[in-house]
Amino acid sequence: MQKTTTPFPAAFGGGSGTMPRISHGRGSYLWDTDGRQYIDGSCGPAVYCIGHADPRVNRAVAEQMDRVAHGYRFSFTSDPLEEMTDRVARAMGADLSEMVFVTGGSEAVESAIKIALQYHFERGEPQRTRFIARHRSWHGNTLMATALSGFEARRRPFEGALPAVGRVSAANAYRPPEGVGENALVPHLVAELRAEIERIGPDRVAAFIFEPVVGAAGGAVPAPEGYAKAVTDLCHANGILVISDEVMCGAGRCGAWRASQVDGIVPDIVTTAKGLSGGYLPLGAAVYTRRIGDVFRAGSGAPLTAHTYSGHTACLAAGVAVQRIIEEEGLVAHVAGRAPRWIADLRQRLAPVEAVGDVRGRGYFIGIELVRDRETKAPFDPNLRLAERVRSEAMARGLICYPSSGNADGNAGDHVILAPPLNATDAELDEIAAKTEATLRAVLARIATV
Ligand SMILES: Cc1ncc(COP(=O)(O)O)c(C=O)c1O
C-alpha cells in the first residue's frame, strides 16, 4: 500500500492514512499502480453505475471537449443540456419536469433548499423558513446540507454554526424507536412528524427532506411500506413541500429510475447526482414540479440558484452518454428483475455469519448490518472501528465496498453497503458476494480474539 497525502476521516470510513494509488479501470474493475486488481462492489460511494472507462462515454466527453468545454449557462443552452433535461424529466415522471443542474449531491440539496424557500416566498409565505429532517441521514457536505443531516460524527466540529433543523426518527424497521412494534411503526413515525410540525408551527415549515432509501448514514435502509405516502400526505395537508434526496439511491440504482417511484409518491423536489453521470464527470440536479415552476414564472421568473458551473456542457455530455447507455441496455429494468435473486443469495450466504444482523435494501443498493448479538441487535464497541477494518480487509482482498458506522445510535453501529454497477455480470455479482463474505469472516475472526 502506498501512502496517501490526505488521510481521510474515520466518519467517512477512513482513518488508516494509507491507500493504494489508482492506475486505471475497466467495467467493474479497477487496478492500482502495483498491478493489483479490485472489483468495485459499491461503485465507490454508489457512483460508477455503468462501470469504469466506458469508451462510449469517454468518446462523448472528448468530442464535447474538442468543440467547447463549457458554454456558460446564462449565455448559451447546448445540445447536452437540452437532451439531459428531456431525459431527466422523462425518467422522473409525473410533472417533475423542471430542473437546475449542478456539480454534485450537496449542491443539489442546497439548490432544493433554495427552491423551497423561494417558492414559499413568492407565494406570499416568507415565514416558511424551517426544515424538518431525520436522524441517521446524510444530505451532504456543505453547511446547510450538513445541518439537515442526522449524522453525528460528520456534524460534530461544525455543530455551533449549523442552522437549527427539526428532527424526527429514521424509518428503520430493523431499529424502530424503543417499544414500537412492526405494525405500529408507520403510524408512530407519522405522529412524530405531526408533533414536530406542530412544535415548529405548521405555517413556518418550508419542507421535509428524506432519503427514500437511507445511504451512508443507515446502510441502505428502505422505509417501511406506506411510510413515504403517509408523510407526503401529512406534509401536503400542511402546505409543506417534500424533498426526496435521491443522490445515492436514485438514477436507477433501486430498480426504478426515481427511487420514490417505488414508494408510490410524487415529491415536490427530487435531488439526484452520483449515478446521473456515473462519476465520469461531476453532475447533479435539483428537479422540481411544474407547479413550483409556475410560481416562479408568475413571480421572479426562475429559481435564484446558480453556480459558475451550473449546467456545465462537458459534464452534461457525460451524463447524456451514461443515461443513453442505461436506457439502451434496459439497465433499470434489469436491476429490478435481477436484484431479488441477488439479495436472496446474499442472505443465504451470510446467514451462517453470526454477526450479520440484517441484510436489506432495494435494487442494487444493499446494506449488511453487523451486530455483536443477533438477538438483542447490540452493536459492536465503536472503539473496535469495525467499519474501518472491513474497508482495509476488503481492499486487501481486492474488493471495494462502502462500510460506515454510527447507524445504531449515531456513534455505534457498523454496516457495509454493496452497490454494484447496474451492468455487472452474474459472475461479478458472485465475486462481490464471495469476497464480502470472506472479508467479514476474516475481520470478525480477528476481533473475536481482541
Ligand atoms: C443522500 C445523499 N445526499 C447528498 C449527498 C452529497 O452528495 P455529494 O457528496 O455529491 O456532494 C450524498 C453523498 O453521499 C448522499 O448520499
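A residue counts as buried if 20 or more other C-beta atoms lie within 10 Å of its own, with C-beta atoms placed from the backbone. The structure described here is a predicted model. By that cut-off Leu440 is buried, because 23 other C-beta atoms lie within 10 Å.

**Leu440 and its surroundings**

- Leu440 belongs to helix H13, which comprises residues 426-448.
- Setting aside residues up to four places away in sequence, Leu440 touches Val353 and Val390.
- Arg389 is 51 residues from Leu440 along the chain, and the C-alpha atoms of the two are separated by 9.4 Å.

**Helix H4**

- Helix H4 has 18 residues (residues 105-122) and, at 1.5 Å a residue, should span 26 Å.
- Of the 18 residues of H4, 14 are buried, so the helix is largely enclosed by the rest of the structure.

**Shell around the ligand**

- There are 16 residues around the ligand, and those that come nearest are Gly104, Gly105, Ser106, Gly140 and Met248.
- Helix H4 supplies the largest share of this shell, with 3 residues.
- Divided by class, the shell contains 7 nonpolar, 7 polar and 2 charged residues.

Conventions. Residues are numbered from 1 along each chain as its sequence is written. This is a predicted model: local features need pLDDT of at least 70, side-chain atom pairs count only at pLDDT 80 or more; totals for chains, interfaces and linings use all residues. Helices (H or I, at least four residues) and strands (E, at least two) are DSSP runs, numbered from the N terminus. The expected span of a helix is 1.5 Å times one less than its number of residues. A residue is buried if 20 or more other C-beta atoms lie within 10 Å of its own, exposed if 12 or fewer, and partly exposed in between; C-beta atoms are placed from the backbone. A residue is near a molecule or strand if its C-beta atom, placed from the backbone, lies within 6 Å of it. Ala, Val, Leu, Ile, Met, Phe, Trp, Tyr, Cys and Pro count as nonpolar, Asp, Glu, Lys and Arg as charged, and the others, Gly among them, as polar. Two residues are in contact if their C-beta atoms, placed from the backbone, lie within 7 Å.
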